[in-house]
Amino acid sequence: MAAHDFADDAPDLPRSQRLKAATRTTHDRLDRRIMAGDIFASRERYARFVRVQYRFHRDIDALYAHPALDELLPDLAGRRRLDQIALDLHDLGQALPAPAQAEATQRARAALPLAQALGWLYVAEGSNLGGSVLYKLAAKLGLDRAFGARHLAAHPDGVARHWREFTAALDSATLSAAQERELVAGAEAAFASVRGHVEDELA
Ligand code: HEM
């Protein structure tokens, strides 16, 4: 059987929309799994979710200095949220998760080809959209952009505008059919890595 060709799924849609459709089931499962973890039942439960975020963003930290991504995206370094996540953990009285193999993982991400790196970054950037929903729920625990929920707070430009700047760059990149597949594979791998952290932290 021929390999499934993502580029042919709906050629009229922008790439960002096709990527969303290609990963929708994975995303929906992840959302449901996280919300089933009762992450707003207490600050202690919420801190487990922030640990998931920390571990994911530590994995991908090298992407924010990826030369090819930097050429493509406006304000790549400004999109990095690891420091805010670390401050949120500090606010919550949490130690940073142990650096299990983080250095090796980071080195691997730094060397990712552009299309895969874009797929990983899509997942990190997209999580900001859900993040604005989570930010409102965090308010019930007394958390906000000054304490405990810094990393979920909207970007000063506005969540929607910040996201559109990312998808515009994603849509404008010139990618071969093979790279289109790498993009989806990168996003799926990123979702799988978040899922792994969720299983560890929210068990
Ligand atoms: C760290 C965990 C999460 C990751 C990695 C993640 C990832 C993503 C991604 C990539 C998108 C962009 C979809 C698009 O292309 O428009 C997105 C959107 C969204 N996510 Fe999540 N998400 C996470 C957690 C959650 C949770 C727990 C919720 C639960 C409420 C949620 C709700 C949403 C919503 C409401 C949107 C906007 C959907 C839309 O505009 O159609 N996300 N998320």
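Let us start with helices H1 (15-36) and H6 (114-139), whose axes come within 12 Å and cross at roughly 40 degrees. Helices here are DSSP runs (H or I, at least four residues), numbered from the N terminus, and axes are lines fitted to C-alpha atoms over the stretch in contact, with angles running from 0 to 180 degrees between N-to-C directions. H1 and H6 are therefore oblique to each other, since angles under 35 degrees count as roughly parallel, over 145 as roughly antiparallel, 65 to 115 as roughly perpendicular and the rest as oblique. The crossing of H1 and H6 is right-handed, meaning that the near helix is turned clockwise from the far one by less than a right angle. Leu-19, Lys-20, Thr-23 and Met-35 of H1 make the contact with Tyr-122, Leu-134 and Leu-137 of H6; contact means heavy atoms within 4.5 Å.

A word on the model itself: it is predicted, so local features need pLDDT of at least 70 and side-chain atom pairs count only at pLDDT 80 or more, while totals for chains, interfaces and linings use all residues. Residues are numbered from 1 along each chain as its sequence is written, and side-chain values use heavy atoms, leaving out hydrogens and water.

H1 has another partner to look at. H1 and H7 pack at an angle of about 100 degrees, with their axes 8 Å apart, which makes H1 roughly perpendicular to H7. Here Arg-15, Ser-16 and Leu-19 in H1 meet Thr-167, Leu-170, Asp-171 and Ser-172 in H7.

H1 also holds His-27, the only protein donor of the iron atom of the ligand, through NE2 at 2.2 Å. Donors are N, O and S atoms within 2.8 Å of the metal (3.2 Å for Na, K and Ca), and sites may look incomplete because water is not among the atoms.

Now turn to the largest nonpolar core, which has 51 residues. Such a core is a set of buried (under 20% relative accessible area) Ala, Val, Leu, Ile, Met, Phe, Trp, Tyr and Cys residues joined through side-chain atoms within 4.5 Å. Tyr-122 and Phe-166 are among the residues with the most contacts inside this core, and H6 supplies its largest share, 10 residues. Phe-166 touches Tyr-122, and also Leu-73, Arg-79, Leu-118, Leu-121 and Glu-125, not counting residues up to four places away in sequence.

Finally, visit the loop between H1 and H2, where Asp-38 is found. Asp-38 has a positive phi of about 55 degrees although it is not a glycine. At 48% relative accessibility, Asp-38 counts as partly exposed, a class between buried and exposed (over 50%).

Notes. Buried < 20%, exposed > 50% of the residue type's maximum accessible area, 1.4 Å probe, protein only. Helix = DSSP H or I, 4+ residues; strand = E, 2+ residues; numbered from the N terminus.
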